[in-house]
Amino acid sequence: MGRQDTPQPYQYVRQPLVEPDWRRLPGWREVTAAQWRDAQWQRSHCVQGERQLRQVFGPLLTDRFYDELAADQREFATMSVLVPPQMLNTMAVGAPLVPAAFTEAFLTDPVRRYMLPVRSDRHPAWPSHPLAARDSLHEAQMWVVEGLTHRYPTKVLAELLSTCPQYCGHCTRMDLVGRSTPQVAKARLVLRPADREEQMLDYLKRTPSVRDVVVSGGDLANVPWPRLESFLLRLLELGSVRDVRLASKAVVGLPQHWLQPKVLAGMERVARLAARRSVNLAVHTHANHAASVTPLVAEAARGLLDAGVRDVRNQGVLMRGVNDSPEALLDLCFALQGEANVLPYYFYLCDVIPNAEHWRLPLAAAQRLQEAILGYLPGYATPRLVADVPHVGKRWVHQAVGYDRVRGISYWTKNYRTGLELRGGEGAFGPDGLGRRHPYVDPVDTLPPEGRAWWAERAGAAGNFDPSELEESE
């Protein structure tokens, strides 16, 4: 019989979930448990800027933090501030309740790092990659009707709205979602919701090759439940649709929404119809650090499963300073899988959007992380680490067909055509799209000096960067 205490690179120790005591914070000392569980209380007390933060933290956060936050909103932020109490309460847990020490702990907190970015987080030399783009995945270019992206042969993404209960600093849809910031005047959905949904359903009726629909936004938690339920029931009436995935980061950020009896009762009605039609119904959420996985998150996931949802799955984002070590990633996966009934599913490399370089990891680091987490989790619960390559789609980090590590350029192929190839136009590659090698780029600051110099020379070319320079070196 083998020894039970063999040292391992990662030592698993079961950690029961804990709901941090919100009453440790001055502004919430009188908040009752009933109020905390109330979805409307959570929504009406969301933090949207300095004034609300001061109301919550009182003297615990010093002007050092507020000055950094204000500077970031002026100079770098692509998302406005919106954090539900549930999410804010998972930051700086256990920090000394002394202003200087609490502020330091808050600034180094991994959840704060992506929910409330500050100027000192951003990379001083490379806040953005030279190839950063607002709609980095060209989703809007692949709209077949407003909000409906037909990117993969058998799958579509239905963006029902452009708001969320919380705004993550690294949002891949920063071009559309949320309120405008000084840096980003947001694009807008122009159709009435009912008209948009009608056009989406009409397209799906006319396109039976689509069998998988991701219903997203924004966040479904912001769609009034009667309207969402009506849309889902009509969607499930389409015989060609065999998979429906509902995307809501609110399972983690605002679990109180999904614990409302009217919502769970409605989800049960939707799940019953899905079961009768043998359609796989799942909910996808978004957790990036174990600290954000609490008993309320587990309760919401269990409620959805008991209502008849097949799976609750997590799609996180790999980010420096948040989950870029095997320990942090495995801690999160065990919290999700072992304690919260949430299946670890994907972790994406952070997309190449403006002012995101301090979050992004190079491909090589993601490859090492994938290798490091293998063998600890059940195979079905071991997340796949992926790059969402522009013009290609999701690819496992080990699928690159070429990788120039000096310039930080990896190359990827695909096995299907998107609407861009079929329709032509900007960003299209014509019938040779399947034979093309598409580039994906590492953060410049992670490259060796030669690579940084190569990008610096091109970044200073007054916007005249030639994409052909990304062609694969011999």
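What percentage of the 474 residues in the protein chain is buried? The share is 57%, where buried means under 20% relative accessible area, exposed means over 50% and partly exposed lies in between (1.4 Å probe, protein chains only). The model is predicted, so local features need pLDDT of at least 70 and side-chain atom pairs count only at pLDDT 80 or more, while totals for chains, interfaces and linings use all residues. Residues are numbered from 1 along each chain as its sequence is written, and side-chain values use heavy atoms, with hydrogens and water left out.

**Figure 1. Overall fold of the protein chain.** The chain has 17 helices and 13 strands; these are DSSP runs numbered from the N terminus, helices being H or I with at least four residues and strands E with at least two. Along the principal axes, the C-alpha atoms fill a box of roughly 65 × 60 × 55 Å. Among contacts with a separation of 6 or more, 76% join residues 24 or more positions apart, a contact being heavy atoms within 4.5 Å.

Figure 2. The chain is divided into domain 1 (32-121) and domain 2 (139-381), with bounds that come from an automatic or database domain assignment. Taken over C-alpha atoms, the domain centres are separated by 24 Å. In the contacts between them, 30 residues of domain 1 meet 41 residues of domain 2.

Figure 3. A cavity is a set of points, on a 1 Å grid over the protein atoms alone, where a 1.4 Å probe fits but cannot get out; lining residues have an atom within 4 Å of a point. Grid points are joined across faces, edges and corners, and a volume is the space filled by probe spheres set on the points. The count is two cavities of 30 Å³ or more, and the largest cavity has a volume of about 820 Å³. It is lined by 36 residues, and those closest to its centre are Thr-172, Arg-173, Ser-216, Gln-315 and Tyr-348. Elements that give two or more residues to this lining include strand 2 (148-152), strand 4 (212-216), strand 7 (311-318) and strand 8 (343-349). By class, the lining holds 14 nonpolar, 12 polar and 10 charged residues; Ala, Val, Leu, Ile, Met, Phe, Trp, Tyr, Cys and Pro count as nonpolar, Asp, Glu, Lys and Arg as charged, and the others, Gly among them, as polar.

**Figure 4. The second largest cavity.** This cavity has a volume of about 60 Å³. Its lining includes Leu-69, Gln-73, Met-115, Pro-117, Tyr-167 and Cys-168. Nine of the lining residues are nonpolar and three are polar, with no charged residues. Domain 1 and domain 2 each supply at least three residues to the lining.

Figure 5. A pocket is an open set of grid points with protein on both sides within 12 Å along at least five of seven lines. The second largest pocket holds about 420 Å³ of space. Of its 23 lining residues, Gln-15, Pro-16, Ala-290, Ala-291 and Val-293 lie nearest the centre. Helix 14 (residues 326-339) gives the most to this lining, with six residues. The lining has 15 nonpolar, three polar and five charged residues, and at least three residues come from each of domain 1 and domain 2. Pro-326 lies in helix 14 and counts as partly exposed because its relative accessibility is 26%. Not counting residues up to four places away in sequence, Pro-326 touches Leu-369 and Ala-372. The C-alpha atoms of Pro-326 and Ala-372 are 6.0 Å apart, although the two residues are 46 residues apart along the chain.

Figure 6. The peptide bond from Gly-217 to Gly-218 is cis, with omega near 25 degrees, and Gly-218 lies in the loop between strand 4 and helix 9 (225-236). Ser-278, in the loop between helix 12 (261-276) and strand 6, is not a glycine but has a positive phi of about 55 degrees. Ser-278 counts as exposed because its relative accessibility is 55%. His-391 is found in the loop between strand 9 (384-389) and strand 10 (393-396); this residue, not a glycine, has a positive phi of about 70 degrees. At 12% relative accessibility, His-391 counts as buried.
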